[in-house]
Each structure stands twice: as C-alpha cells, then as structure tokens.
Amino acid sequence: MQTLEHLEISAKIETIRVSALHALAYCPRLFYLEEVEELYTQDAAVFAGRRLHTELEKQEDEEWDELFLTSEELGLRGRVDALRTRDGQTIPYEHKRGRCHRDKNKQPQAWESDKLQILAYACLLESALGISIKEGRIRYHADNVLIHIALDDAGRELVRDAIQKARILRQSMHRPPVTENERLCARCSLAPVCLPEEARLAHDCEWQPIRLFPEDDNRQIIHILEPGTAVGRTGEQIKITRRNQPVEIFPARNVGQLVLHSFSQISTQALHFCTDQNIGVHFISGGGRYIGSFDNRQGSIQRRIRQYAALSNTDTCLELARKLVVCRAQGQRKFLMRATRGKTQLSDRLTKGIAQMKAVLKQVPQAKSLDSLLGFEGNLAALYFGALPELIAADVANELKFDGRNKRPPKDRFNALLGFGYAMLLKDIMNSILTVGLEPALGFYHQPRTQAPPLALDLIEIFRVPLVDMVVMGSINRGQWDVKADFEIRGKQVWLSEVGRRKFVEIYEKRKQESWKHPVTGYSLTYRRLMELEVRLLEKEWMGEGGLFGQLIVR
Ligand code: SF4
C-alpha cells in the first residue's frame with residue numbers, strides 16, 4: 001500500500017505534461033479532470049487542432065522539427081510543435097487554430113494559458129538540451145498573427161509556480177470548483193463531463209443553464225441477435241460476420257455499443273479495440289436476460305473513492321433512495337393519469353389506483369429507513385401494476401392483455417415485453433455508469449442480491465416508465481405485435497422470439513432517440529443522453545453540487 005510519503009515522492013519525480021499546464025492556466029478544474037480523473041473527450045476543436053498540426057507537418061517539412069522532451073529536473077515533459085533557428089537563436093513555436101487575445105487597445109496578445117505553454121516549452125528546452133532560449137512564438141492561424149513571448153526571470157518563475165500548483169492539485173482528492181468565467185466553459189472540451197452550468201444551477205436556483213451537453217449521441221448501437229455471429233476487428237473498423245450473410249464493416253468512430261444477444265462470438269482483438277475506442281460491449285442471453293458488460297473503465301479511481309465514501313453513509317443513501325422512489329412512482333402515477341385525459345368513464349381500478357398512489361407518495365419523505373422505504377415502494381408498485389391493465393385498449397387481442405406484474409420467468413406476453421425492455425434498459429444504464437466511471441456494484445438503494453449491479457438497478461427506476469412501460473403499452477395499443485410470430489410459449493413461460501426481439505429492439509432504440517425537456521435544467525436531450533446526464537447528476541450529489549438528481553418525472 002502506498003503511504004502519503006510515497007505519493008509525495010512519486011508526485012515529485014513524475015513529470016507533468018506541458019499541455020497539462022496549459023489546461024491548468026485555462027481552468028484548474030480542467031487540469032484536475034484530465035490529469036487526476038483521467039477524463040478526456042475528443043471534441044471538434046481538439047480534432048481541428050490535430051488536423052492543423054498534420055497539415056503543418058505536410059507543408060513545412062523543411063523547418064518542422066517536432067521534438068519530444070523530458071526534464072526530470074524541471075518536472076516537465078512535452079512535444080514542441082516546431083523549432084526554428086533565427087539569427088543563431090533556437091526558437092520554439094506553438095501553432096493555435098483560433099484567434100489571439102486583444103487588449104483594450106485592440107492590440108494582439110497571447111492568451112494567458114498559451115503564454116504559459118510556450119514559456120514552459122522554452123524552459124523545457126533549456127533544461128533538457130542545456131541551451132539558452134530567449135523567446136518563444138505563438139502563431140494564431142485564424143487571424144494570422146505571430147506573437148513573440150520573451151523568456152525572462154518572470155517567465156521562468158511563472159512556469160515554476162505552475163508546476164508546483166499542478167503537483168499539489170495532482171495529490172488532492174477534491175475536484176476544484178467551476179470557473180467563475182463562464183465564457184471559458186463554452187469553449188471547453190470537457191464541459192459535457194464537467195457540467196459547469198448544472199453546478200451553477202445547483203448553487204443558484206435562479207440560474208438559467210445553457211446546454212453544453214451534446215443533445216444526442218449519433219453513434220450506432222449494433223445489436224447482434226443471430227446466434228453464431230462473429231465480431232472482429234479489421235483496421236480501424238468493426239467487422240461483423242453473420243451466418244449466410246455478407247460481411248458488414250462499421251468504422252469504429254460510428255459505433256457506440258455492441259450488444260451481443262444469445263451465443264455470438266467477439267474476438268480478443270475486437271474487445272481490446274472497443275476498449276480503446278470507448279465502445280460499450282454488452283451481453284444479453286438468448287432468453288432476453290441481461291448477463292453483463294465488458295468493463296472498459298480506465299483510471300477514474302478518485303471518482304470511485306468518492307462514491308465509496310458517500311454511499312457508505314446511510315443518511316446519504318436514504319436521502320437518495322427517497323428521491324428515487326418518489327421519482328419513479330410519480331412517473332408511474334402520471335402515466336396512469338394520462339389515460340384519464342378526455343375520458344368521462346373511468347374504471348374504479350384506475351381511479352382508485354391513482355388516488356391511493358397519491359396518498360402513499362405523501363408518506364415516502366417520512367420513511368426513516370431503507371426497509372420502510374421498501375414497504376412504501378412495494379405498495380406503490382402493487383397499486384401501479386394493479387391499475388396498468390386498464391390502459392390497454394379494448395380492441396387489443398386477449399393474448400396481449402395481462403393482470404399484474406410477473407417475472408422470472410414471465411407468464412404472459414405483456415410481461416415478456418416488459419422483462420425484455422427492462423433488460424435493454426439495464427444494459428443502457430450500465431453503459432452510462434461505465435462511461436461516467438462510477439462503480440456499478442455500489443448502489444444506494446438496491447442490495448446485491450442478484451447478478452445485476454445495484455447502482456444500475458437503482459438508476460433504471462428513473463427510466464422504467466418513459467423508456468419501457470410507455471413503449472410496451474403504446475406498441476400494444478397500436479397493434480404492433482403478432483401474438484404468434486413474436487412470442488415463444490414454453491409451458492407457462494412466455495419469451496420473445498428472435499423476430500419479436502428484433503422488433504422490440506427497433507421500437508426501443510427509436511424511442512431512445514426522442515428528446516425530452518429536462519424539467520429542472522430546462523434544456524432538451526435525447527433519452528439516450530439523459531441516461532448519461534442522470535448518472536453525472538447523481539455523482540454531483542456527493543460533489544457539493546447536488547440537488548438535480550432524480551427530477552426526471554413524466555408529465
Ligand atoms: S467546463 Fe468550465 S469549469 Fe469545467 S473544466 Fe471546462 S472551463 Fe473549467
């Protein structure tokens with residue numbers, strides 16, 4: 001086990017990337033997210049920067065002299081964009097795609113973070129090569145400006161101070177607060193994981209957040225339903241070979257998840273590749289049960305330590321569980337109430353169910369323990385599933401009607417559809433938990449009784465109604481199911497056939513692409529994105545930026 005002393009020593013000898021100092025000068029929280037929590041996103045600006053470098057390499061072959069350097073003495077390492085010799089002096093160059101800063105007289109200046117970066121490269125060159133550097137230069141390509149930055153004593157001190165600050169921050173367990181300069185966030189590549197606007201809203205309920213979280217994730221979710229399919233890698237692409245079908249090739253950047261149903265094969269090379277490319281890999285049994293996910297998390301240990309600390313506190317768990325039970329039951333009740341709109345004749349079962357749920361819901365905030373909360377939740381679920389059959393249209397085939405919830409195994413077609421839907425949802429929530437980097441095995445409400453991870457079981461409660469119950473009820477009432485071809489009956493057990501599963505996957509994935517306006521943040525996201533947002537908002541509950549989790553309630 002590492003002692004604090006060991007950590008201090010290793011922090012002293014471990015060098016810091018110059019680009020990390022750039023992040024530090026831009027925003028200490030950005031440095032922390034990247035360097036300590038190891039979070040990176042590849043947004044358009046980062047890609048554009050890389051393209052610029054590639055183009056420059058092509059155009060300026062003769063003067064290009066890219067150099068990787070390390071100085072243990074200084075504690076820095078980095079890649080200098082370009083080195084040129086002018087009048088006998090070696091000068092490091094940094095290329096920036098964007099515009100320069102303008103002072104109050106509209107004169108071009110370097111941005112502070114860019115200035116620190118070029119000074120750090122200059123110090124690194126001096127230390128690593130033992131040469132004297134007098135200045136560094138930054139070219140801003142958007143307005144074709146070249147800025148000269150002198151390396152003097154003040155510049156050297158600036159670099160030393162930044163290295164010291166970075167070392168201290170690297171050992172801290174606390175994520176720094178969001179920057180006060182909101183304009184920096186709009187251009188920050190990590191805004192979708194930092195969620196600065198949501199942090200501001202958590203501290204100021206009058207704050208009107210703008211959406212810095214992408215509305216949708218356009219990457220494909222590939223379901224492999226046919227047994228005997230082989231998934232492999234070819235170059236930078238995923239290769240899928242289904243029996244008696246032409247080989248399919250998908251560029252990795254277009255793939256978000258691979259879902260292997262039944263007995264398909266995936267090669268080790270493909271698994272490694274999926275890990276590198278942040279492609280989720282999930283396994284579903286032939287009967288439609290969620291089996292597990294390939295855990296491709298890297299780093300993020302600080303996040304999990306904070307999660308352990310927070311969820312070891314029974315009061316925190318109870319508070320979060322109360323929010324969850326209210327969120328789910330309110331959604332269920334609102335769904336039942338939708339069916340009453342515009343109707344004059346309502347069944348007793350439905351009206352009573354709605355009224356009794358309201359009464360039980362009032363008691364939930366008073367639950368003093370997880371056990372008493374489980375009691376309330378059980379009552380609410382019984383009332384909901386008791387009233388739910390009333391939402392089935394009169395002209396639906398009798399085979400698709402049901403009388404209450406049953407599972408493991410489902411005994412009617414309606415419950416077979418619900419069961420498969422909840423398995424799909426569990427898979428998607430797991431994908432979001434792994435993307436965010438939390439520990440799925442540690443929840444705040446569900447206990448580890450089955451193989452399903454407790455945190456995923458907690459979080460699916462928020463999405464059961466909008467993503468599964470409504471989808472199943474809607475598709476049944478629209479007559480989308482064939483009672484024979486879409487189901488398999490074995491004794492008293494009912495499953496979806498392969499055709500039925502394929503149909504469900506299509507309806508479900510389509511639903512996930514629909515947008516929903518978040519009732520608290522006020523912006524719209526697809527359900528697919530909302531799942532990830534909700535996991536991130538949960539994490540904020542123990543980061544001093546809480547209050548937004550569990551507010552997604554069906555209207
Ligand atoms: S989004 Fe804003 S607060 Fe968050 S890391 Fe980026 S600049 Fe800092």
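Predicted model: local features only at pLDDT ≥ 70, side-chain atom pairs only at ≥ 80, totals over all residues.
1. The residues that line the second largest cavity are L39, R175, V193, C194, L195, R303, R536, E539 and K540. Two elements, α8 and α18 (527-540), each give two or more residues to this lining. Helix α18 supplies the largest share, 3 residues.

2. Which domains each give at least three residues to the lining of the second largest cavity? They are domain 1 (4-194) and domain 3 (301-540).

3. Turning to the overall count, the model holds 4 cavities of 30 Å³ or more. The largest cavity has a volume of about 100 Å³. It is lined by 13 residues, of which C27, T179, C185, C188 and C194 are the closest to its centre.

4. For the largest cavity, the elements that contribute two or more lining residues are α3 (28-36), α7 (182-186) and α8 (191-194). The largest share, 3 residues, is from α3.

5. By class, 11 nonpolar residues, 1 polar residue and 1 charged residue make up the lining of the largest cavity.

6. Residue C194 deserves a separate remark. C194 is listed among the residues closest to the centre of the largest cavity, and C194 also lines the second largest cavity. Helix α8 likewise gives two or more residues to the lining of the largest cavity and two or more to that of the second largest cavity.

Conventions
Residues numbered from 1 in each chain as written. Heavy atoms only, no water. 1 Å grid on protein atoms, 1.4 Å probe; cavity = no way out; pocket = protein on both sides within 12 Å on 5 of 7 lines; lining within 4 Å. Points joined across faces, edges and corners; volume = space filled by probe spheres on them. Helix = DSSP H or I, 4+ residues; strand = E, 2+ residues; numbered from the N terminus. Nonpolar A, V, L, I, M, F, W, Y, C, P; charged D, E, K, R; others polar. Domains from an automatic or database assignment.
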